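Here is a short briefing on a structure with its sequence.

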Amino acid sequence: MKLIIAIIQPDRLESVKQELYKEDVNLITVNEVLGHGRQMGLTEVYRGVKEMGNLLRKIRLEIAVNEDFLERTIKAIIKGAQTGETGDGKIFILDLVECIRIRTEERGGEAIG
Amino acid sequence: MKRFLALLVLFALFVIPAGLVYAQVETGQGAAPAPAQATQATQAEPAAKADTGDTAWLIVATALVMLMTPGLAFFYGGMVGKKNVLGVLMQCFTILCVISIQWVLYGYSLSFGPGKGFWGGFEWVGLKGVGLAPYADYAATIPHQLFMVFQMMFAVITPALIIGAFAERMKFSAFLVFTILWATFVYDPVCHWVWGIGGWLREMGALDFAGGTVVHINAGIAAFMTAIFIGKRKGSNGHAILPHNLPFTILGTALLWFGWFGFNAGSSLGANDIAVNAFVVTNTAAAAAGLTWALIDWIFNKKPTMLGMATGAVGGLVAITPAAGFVSALSAILIGVFVSIFCYFAVAWIKPKFGYDDALDVFGVHCVGGIWGALATGLFASKAVNPAGADGLFFGNPKQFLVQVIATAVTVGYSFVASFIIYKVIDLVIKVRVPEKDEIVGLDLTQHHEKAYTILE
């Protein structure tokens, strides 16, 4: 079992979702987050006072998958989120120790899907 | 370079006329210290004295209409994404500031100056000759300047209505130039034709009590044109862009409804029985339309919605606007019920069918509602309500209906063509739409270097 964490541009969320649905990945958690990588921030000015806001809005996806779903999930995220511009984001893959469905108390791979 | 050009256009449109007007008024009156005093001096022969009751009501009504533009800002601001809310508020406030100045400098003269031409002429430029004594041809019982400032608020809200069509994707500089040119070449002439002395639609007998053609059809058609030519918002393909704060929209609706009492009941230009009639039918039509839209939602979409009810109420206010001084309360109920039916059809069926991205439904509500209102005036108007008006089709006068159709068609045709030319010229010079990257980040940060909400404190 793996946990996929992806940081993407906010406007790519819809296309990433569509790509994931095409691959039968329907269970995702989405968060609005702030962050910055290589991308430059945007200037903000309040009553003449400049503020170099270097934190940009991003979307953070969390998807837990079984091994056989891993590659196609990654491909779907890339297909949906890639524009070729700086700031497209990153995908992190973590080993997932356990997964428990609260309703049924199922454990492991069965609980993921 | 483009910025410089935009500034140059602004300069040419405002600062130079301001200077010329000032020089003219100044030199024309010899050594008068301030232009305002000089203009009053020319109105030495007061024809009639202003009525205190009428004046008091019109001052309040003017303030009420002024509040509609910020109300509209919240009405629209709640419906856009949270990255564009300041952009919308800013555009509304900008129009409030810019048109207030334009109106004093030359807008009022072009719209209401006596003249039979395309415009009213330049006689009252810089408010020269627009004094504190009543000007009987427009309003015999209130100071001329009060009539001027009351009309100013109408000139302000009309271009502000268009904002909803190109929301979330228009460059601020282009918007600014568009607003000034549109006010000058579309609003001012149409206003003159319908309301000005010597205006040809006025002389033909077209009834427009408070601005159905001048304000709503005019702005609605311009909105339709801009929505088509600026193109769809990014991400609007196939699914709705969700409103970020509906309570804002409801607050805006409430402010609009409140301000509309000034808009319609104030358009009687006095504290009289026609004002009371306008007040009653305004409220009645808004209520009937809000209720009808909620019912339509309930029937077709299973639940009544708040946004639907608010949209309906605004539609009802739009439709009753040209009719307010001429129809009875029972007619207002019918006008309200039907406007929601027509507007719902426009918004939920015509728009998806043709696929233009009229972001906040300016065409669907203001133009469709305005056309229905203008035609309904020709149907329901009654001399029993207002002896100075006319009878409509249902009261035995089919000719009035025809006149209403002509006035509507002229406004639709002229506004579309003129707005299109203005739009294209601006697009050629400075590009109307923001770059795709800016659209993704949002207008708040890219056009104004501000954001409305923080995620982290």
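In E5 of chain A, A:Arg57 is the bridge partner of A:Leu34. The model is predicted.

- E2(A) and E5(A) are joined by seven bridges and pair in the antiparallel sense.
- E5(A) also runs antiparallel to E1(A), again with seven bridges.
- In that pairing, A:Ile4 stands opposite A:Ile63 of E5(A).
- Strand E1 of chain A covers residues 2–8 and pairs with E6(A) over seven bridges, in the antiparallel sense.
- A:Lys2 has A:Asp95 as its bridge partner in E6(A).
- Put together, the four strands form an open sheet in the order E2-E5-E1-E6 of chain A, with antiparallel pairing.
- Which strands stand at the edges? They are E2 and E6 (89–95) of chain A; each has a single partner strand, so one side of each has no neighbour in the sheet.
- On average, neighbouring strands of this sheet are turned by 20° against each other, direction ignored.
- In a regular strand, side chains alternate between the two faces of the sheet.

**Helices and a loop in chain A**

- Helix H2 of chain A, residues 67–81, packs on the sheet.
- H2(A) touches E1, E5 (56–65) and E6 of chain A, and its direction makes about 5° with that of E1(A).
- A:Glu14 lies in helix H1 of chain A, residues 13–22.
- A:Glu14 counts as partly exposed because it has 14 C-beta neighbours inside 10 Å.
- A:Glu14 and A:Gly80 are 66 residues apart in sequence, and their C-alpha atoms are 8.2 Å apart in space.
- A:Arg47 sits in the loop between E3 and E4 (49–53) of chain A.
- The phi of A:Arg47 is near 50°, a positive value in a residue other than glycine.
- Is A:Arg47 buried or exposed? A:Arg47 counts as exposed, because it has 4 C-beta neighbours inside 10 Å.

**Where the chains meet**

- Nine residues of chain A are in contact with 10 residues of chain B.
- On the chain A side, strands E2 (29–35) and E3 (42–46) each supply at least two residues.
- E3(A) gives the largest share of that side, with five residues.
- By class, the chain A side has four nonpolar, one polar and four charged residues.

**Chain B overall**

- Chain B has 16 helices and zero strands.
- Of its 457 residues, 56% count as buried.
- Take the contacts in chain B between residues at least 6 apart in sequence: 75% of them join residues at least 24 apart.

**Helices H4 and H6 of chain B**

- Two packed helices are described by the angle between their axes and the distance between the axes.
- H4 (residues 85–112) and H6 (residues 172–195) of chain B pack at an angle of about 40°, and their axes are 10 Å apart.
- H4(B) and H6(B) are therefore oblique to each other.
- Their crossing is right-handed.
- Residues of H4(B) in the contact include B:Ile95, B:Val98 and B:Ile99; those of H6(B) include B:Leu176, B:Ile180 and B:Ala183.
- By class, this contact of H4(B) with H6(B) has 10 nonpolar, eight polar and one charged residues.
- B:Glu168 lies in the loop between H5 (144–166) and H6 of chain B.
- B:Glu168 is not a glycine, yet its phi is positive, at about 75°.
- B:Glu168 is buried, because 24 other C-beta atoms lie within 10 Å.

**Helices H10 and H11 of chain B**

- How do H10 (residues 273–301) and H11 (residues 306–320) of chain B meet, and at what angle do they cross? Their axes come within 7 Å and cross at roughly 140°.
- That angle makes H10(B) oblique to H11(B).
- H10(B) passes H11(B) in a right-handed crossing.
- Among the residues that meet are B:Ala285, B:Ala289 and B:Trp293 in H10(B), and B:Gly308, B:Gly312 and B:Gly316 in H11(B).
- The contact of H10(B) with H11(B) divides into 12 nonpolar, eight polar and one charged residues.

Note on methods
Residues numbered from 1 in each chain as written. Chains lettered and ligands numbered in written order. Predicted model: local features only at pLDDT ≥ 70, side-chain atom pairs only at ≥ 80, totals over all residues. Axes fitted to C-alpha atoms, helices over the stretch in contact; angles between N-to-C directions. Parallel < 35°, antiparallel > 145°, perpendicular 65-115°, else oblique. Left-handed = near helix turned anticlockwise from the far one by under 90°. Contact = placed C-beta atoms within 7 Å. Nonpolar A, V, L, I, M, F, W, Y, C, P; charged D, E, K, R; others polar. Buried ≥ 20, exposed ≤ 12 C-beta atoms within 10 Å, placed from the backbone. Pairing = 2+ DSSP bridges.
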